[in-house]
Amino acid sequence: MNLFEIIPSDLFSPLASPQRKLYADALDVLYTAYREALKIPENTLYSMLRNALEHQLAETSFEGEDIDEEELRDISGRARFLIRKLCAKGWFEKERGEDFEEYITVPGYSSRILELLHQLRDDRPARGYSYVFGTYSTLKVANESGTVYDKMAAVYGAYDNTQALINLLQMVYHNVKHYFQMQIDMQEVNEVLSSHFDGFGQKVIEAYIRPLKIKDSIPKYRIPIQSVLRSWAEDDDLLLAMSNAAFQEKRGESLEACRADLLRKIFWIEDRYENMEQEYLDEIDIQVRRYTRAATQKVENLTNRDQNVRGDLNVLLTALSRNRRSGELVDQIQDGFQLYQQGFLSEKSLWYRKRPGKRTKNAPVPIEETAPNEELRAQAEQLLHSEYGRAAIAAYVMDWLGSGGSCFSKDLGLRDDKAYIMSLLAVLTSGDKNAAHEIRELGGLFSENGYTIPQMEIRRKGEKK
């Protein structure tokens, strides 16, 4: 159907005129009057226009408008002109009531357009939508205690909520791209920060993305929604009863058409929830990460652009890109920078990943084996024998024993690495016939860490206990 068979052809002409801001504000006043009362007297709309647009009506010249001299004389006449203009273009109609008063009536197409314009003007972030939880709650209640009519209505309600959810996700995806494009044109740090935190953070993250992750989570309610719908689709008797209820509601031309429509909607909802994370949520997360990374780099670049070479180069290239006669400047700096004019665009014009070259086989490099240094080896052996020789071990153990004939491992104070090494070497040399001591294991000790360690007795060689 042709659009202008539904709406008047001159409906949007006031919004394309030089006084479009005044007309847009007047339409918002009309929407406010439409929402406040069922019956709108013309005098009420006239008073609202005068009170809300007094300064604008006084300052507007109405040049090029078909306004009478009497109407142009004062604010009252200009407000009357707005009513006459908007009525002539089809935004509302007039009818006379039983009390012979003039009343304003708003057609269906006009009320929908007025609501859209009002939503676009409303800068407050959206709150309170819950399409996923609403679908889950409706299906759960209908499945547990609802009648056949409730189940049928729940299917249609779930279908409408799922469509609204997909529209919302599409809007969020493209809204992220919109903020991405806005960021490119910003040249001040405060603008980028305000757009990121006040704009993107409040109107996108807090309003839409955060509820989708927490309160209105698709992964949380996906399985219960699919389970209820699948059980209804597999129950032939219930499906027939739901089809009868839908046919009584004139939702289809026949019983079979209603049954097919219910199955189509059930399968469509199941399929949407099955693929919604991959097709919508993951793509939105990718866009959010890209935007956040770009915003961070933008702030860093704008902060440091006057303090490093990259910032100076950015200023230089920006000036060259904005100057149509940059050929002479390019020639002057050609010696310092390798700048080339871009003659055409292709997929590799802006940036492309550098591919590593192919590896070539070269001749193997022989490894030269060097002979050990005998002098260094002799020095190492001398050090080991002098520090940890048998005589040194025997002297160390005799120092443990002191004047007594024996001592136990629990009484040894291993305060450094050398004492620990000497205790190990003492155990290894205890079986030597030339050793001046012997070590015997008496039993187990239970340490603080829960490990069983042996208790050793150290005594002089040949001495009996």
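Residues are numbered from 1 along each chain as its sequence is written. Since the model is a prediction, local features need a pLDDT of at least 70 and side-chain atom pairs count only at pLDDT 80 or more, while totals for chains, interfaces and linings use all residues, and side-chain values rest on heavy atoms, with hydrogens and water left out.

The protein averages a pLDDT of 79, and 77% of its residues score at least 70, where pLDDT is the predictor's confidence in each residue, on a scale from 0 to 100. Confidence is highest in helix α11, at 91, and lowest in strand β5 (residues 437-446), at a mean of 55. Over residues 445-453 the pLDDT stays under 50, and for this stretch the model has 10 contacts beyond four places in sequence, a contact being a pair with heavy atoms within 4.5 Å.

The protein contains 17 helices and six strands; these elements are DSSP runs numbered from the N terminus, with helices (H or I) of at least four residues and strands (E) of at least two. Of its 465 residues, 33% count as buried, a word that stands for under 20% relative accessible area, whereas exposed stands for over 50% and partly exposed for values in between (1.4 Å probe, protein chains only). Among the contacts with a separation of 6 or more, 63% are accounted for by residues 24 or more positions apart.

The largest nonpolar core has 47 residues, and those with the most contacts inside it are Leu169, Ile225 and Trp232. Such a core is defined as a set of buried Ala, Val, Leu, Ile, Met, Phe, Trp, Tyr and Cys residues joined through side-chain atoms within 4.5 Å. The elements that give two or more residues to this core are α7 (131-145), α8 (148-184), α9 (189-213), α10 (218-234), α11 (236-248) and α12 (255-304), and α8 gives the most, with 13 residues. When residues up to four places away in sequence are not counted, isoleucine 225 touches Val132, Thr135, Tyr136, Leu139, Ile269 and Tyr273. Another core, of 32 residues, lies apart from this one and has Ile7, Leu22, Tyr23 and Phe81 among its members.

Three strands form an open sheet in the order β1-β3-β2, with antiparallel pairing; two strands are taken to pair if DSSP finds at least two bridges between them. The edge strands are β1 (40-41) and β2 (93-96), each of which pairs on one side only. Strand β1 is joined by two bridges to strand β3 (residues 102-105), and the bridge partner of isoleucine 40 in β3 is isoleucine 104. Strands β2 and β3 pair over four bridges in the antiparallel sense, with glutamate 93 standing opposite threonine 105 in β3. Five residues lie between the strands in the hairpin of β2 and β3, where phenylalanine 100 takes a positive phi near 60°.

For α16 (residues 390-401), 12 residues at 1.5 Å a residue should span 16 Å, and the end C-alpha atoms are 16 Å apart, which agrees; the expected span is 1.5 Å times one less than the number of residues. In α16, Ile393, Val397 and Leu401 are buried, and, seen down the axis, the buried residues fall within an arc of 80°, so they line one face of the helix. The arc is that of the directions from the helix axis to the C-beta atoms. On the other side of α16, Ala391 and Asp399 are exposed, and just after this helix glycine 402 takes a positive phi of about 65°.

Ala419, Met422, Ser423 and Ala426 are buried in α17, and they line one face of the helix because, seen down its axis, they fall within an arc of 105°. Asp417 and Leu428 are exposed on the other side of α17.

Positive phi values also occur in loops. Phenylalanine 62, in the loop between α3 (54-59) and α4 (69-73), has a phi near 55°, a positive value in a residue other than glycine, and is buried, with a relative accessible area of 3%. Lysine 250, found in the loop between α11 and α12, has a positive phi of about 60° although it is not a glycine, and is exposed, with a relative accessible area of 70%.
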